Amino acid sequence: MNNLSERLANLSPEQRSQLLSRLRGGVAVSPTKDRPFVPKSLDLKAEVTLADEIRPQAPVDLAQLEHVVTNPTAVFVTGGTGFLGAFLIQDLLRHTAADVYCLTRANSVGEAKTRLQQNLSRYEIWQPAWASRIVPVLGDITQPLLGLTEAAFGALSQKLDAIYHSAAMLNYILPYSALKKPNVQGTQEILRLACQNKTKPVHYVSSVAVFESSAYAGRVLTEADPLDSTEGMFIGYSHSKWVAEQVMLLGRDRGIPITIHRASFISGDSNTGITNTNDFVCMMLKQCFRMGVMPDLTFMLDASPVDYVSRSIVYLSMQPQSIGHVFHLQHPQAITLKTLGSAYRLLGLDLRQIPYREWVAALKADAAQDAENPFNRLLPFFTQEYEEGLTLPELNAAERRPTISCEATLNALEGSGIVCPPPDARMLGRFLSYFIQSGFLELPLLSRLNPILLYVIATPGQKAIALAVFLSLVGLGLSLPRWQPLLSSGL
Ligand SMILES: NC(=O)c1ccc[n+]([C@@H]2O[C@H](COP(=O)([O-])OP(=O)(O)OC[C@H]3O[C@@H](n4cnc5c(N)ncnc54)[C@H](OP(=O)(O)O)[C@@H]3O)[C@@H](O)[C@H]2O)c1
């Protein structure tokens with residue numbers, strides 16, 4: 001069998017999945033009519049299993065847990081080399097006296113330490129004084145016992161007071177079969193750790209993607225609503241998070257103290273604007289800037305800054321009354337992609353808003369011209385058609401989505417001083433400034449020299465000078481009318 005397409009057609013589902021995993025580093029993986037994103041045979045409810053032995057060895061006395069919940073001495077974090085994980089480590093170090101054990105993929109403890117330190121440094125939150133409280137644990141969530149020996153797993157389980165499970169594979173293109181090991185089986189092993197020896201609370205980072213089912217369209221969903229619908233869910237990542245959450249709920253029903261934190265998109269640090277520029281939204285924005293056009297789509301961007309998400313998780317995890325509850329950490333003041341586009345235009349950026357289908361045509365033309373563009377591997381997300389011939393962004397437009405309420409979460413945060421900063425001009429400016437100063441977005445964008453944009457991207461020193469100049473202009477009775485619409489727009 002010499003022909004490549006014949007050989008691919010004859011791969012077993014397992015071989016196909018292995019090939020997908022190997023390709024995931026950046027090669028386009030496109031669904032086709034005979035290889036859709038969602039295999040018809042996938043029964044998500046049947047995927048929800050938890051080995052019978054994973055259950056508390058004795059009934060959990062919540063009153064007894066209270067002391068370790070509020071004063072942990074050793075906590076376990078997965079995903080510490082990722083975006084949210086970096087901030088979780090920071091907040092646990094800041095707000096508890098605990099040592100933070102971090103499950104890390106590495107060949108040696110030294111390498112793991114370096115990876116963790118470099119990750120916190122990347123987000124400018126590293127403090128050398130923390131080094132002695134960060135304890136790497138070499139392992140892998142896809143492996144039985146997280147890749148630890150039985151002895152090491154047992155010793156670790158004895159030490160820990162709480163588990164923060166943030167590790168996952170975030171990929172909107174791969175099917176469920178390719179994400180099952182990290183996102184579902186990893187969760188099962190985390191619950192095994194939670195039950196080994198003493199029972200300890202688990203804080204699981206989930207996603208509002210669990211509500212992707214079309215059955216929820218138009219409804220208001222609270223933290224207490226049951227998660228029972230799967231029809232019309234198309235994204236493999238959403239499948240994996242739905243199954244993982246159900247596995248957590250199975251564990252909760254068996255008496256494991258579990259708290260679920262559902263995030264939406266996570267944006268950059270609200271203090272510095274520093275963000276994970278490899279994420280889906282950033283890559284999409286970069287592509288829009290590259291083409292000079294943005295889709296005129298009411299796709300919801302209820303992204304919360306990473307520091308809000310992380311600080312909330314750590315705060316809520318230390319309140320005994322949180323145990324057993326679900327929290328919604330999306331931004332309470334969502335904006336749409338369309339509003340974001342308008343805000344960028346107001347800043348003077350050369351970004352035209354066009355109908356979604358025209359934008360997709362422009363995407364395809366751009367991909368044909370530059371086959372090396374890393375964005376091309378996300379193309380299927382924007383082009384593949386599902387129900388009613390609609391693509392995923394169209395199916396996820398605001399009018400087809402549920403409204404996700406975070407009222408109970410905001411009530412639980414009341415009195416903590418934790419507030420989600422509004423998506424206003426200052427916040428937007430901070431993110432844009434980081435994009436430009438870090439080189440993520442290139443300067444030729446500044447085709448129209450708008451004073452607001454220049455101010456947004458200026459360094460703090462330059463800002464001080466600009467402000468002084470501005471004040472002296474105002475003093476001279478001059479004004480800059482282009483500032484006014486943005487400042488009064490609430491964006
Ligand atoms: N980012 C968002 O917008 C968003 C939105 C909603 C929910 N969430 C949820 O938030 C959590 C954190 O997301 P994130 O943005 O921080 O993701 P991220 O930056 O992609 O980080 C993923 C982390 O998971 C680790 N990981 C993946 N596979 C692993 C394995 N087999 N063994 C051990 N560690 C493994 C990665 O380790 P390596 O560095 O070794 O790869 C990395 O530390 C996830 O559970 C995600 O589902 C994120």
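Residues are numbered from 1 along each chain as its sequence is written. Because the model is predicted, local features need pLDDT of at least 70 and side-chain atom pairs count only at pLDDT 80 or more, while totals for chains, interfaces and linings use all residues.

Reader: Which strands are the edge strands of the open sheet of seven strands?
Author: Two strands pair if DSSP finds at least two bridges between them. The pairing in this sheet is parallel, and the order is S3-S2-S1-S4-S5-S7-S12. Pairing on one side only marks the edge strands, S3 (134-138) and S12 (326-328).

Reader: Which residue in S12 stands opposite Arg-262?
Author: Strand S7 (residues 258-263) pairs with S12 in the parallel sense, over three bridges. Opposite Arg-262 in that pairing stands His-328.

Reader: How is H4 oriented relative to H10?
Author: Axes are lines fitted to C-alpha atoms, for helices over the stretch in contact, and angles run from 0 to 180 degrees between N-to-C directions. The axes of H4 and helix H10 (residues 306-317) come within 9 Å and cross at roughly 50 degrees. Angles under 35 degrees count as roughly parallel, over 145 as roughly antiparallel, 65 to 115 as roughly perpendicular and the rest as oblique. H4 is therefore, relative to H10, oblique.

Reader: What is the handedness of the crossing of H7 and H8?
Author: Helix H7 (residues 176-195) and H8 pack at about 20 degrees with axes 9 Å apart, which means that H7 is roughly parallel to H8. A crossing is left-handed if the near helix is turned anticlockwise from the far one by less than a right angle, and right-handed if clockwise. The crossing of H7 and H8 is right-handed.

Reader: Which strands does helix H8 touch where it packs on the sheet?
Author: Contact requires C-beta atoms, placed from the backbone, within 7 Å. The direction of H8 (residues 236-253) makes about 160 degrees with that of S7. The strands touched by H8 are S5 and S7.

Notes: Helices (H or I, at least four residues) and strands (E, at least two) are DSSP runs, numbered from the N terminus. Two residues are in contact if their C-beta atoms, placed from the backbone, lie within 7 Å.
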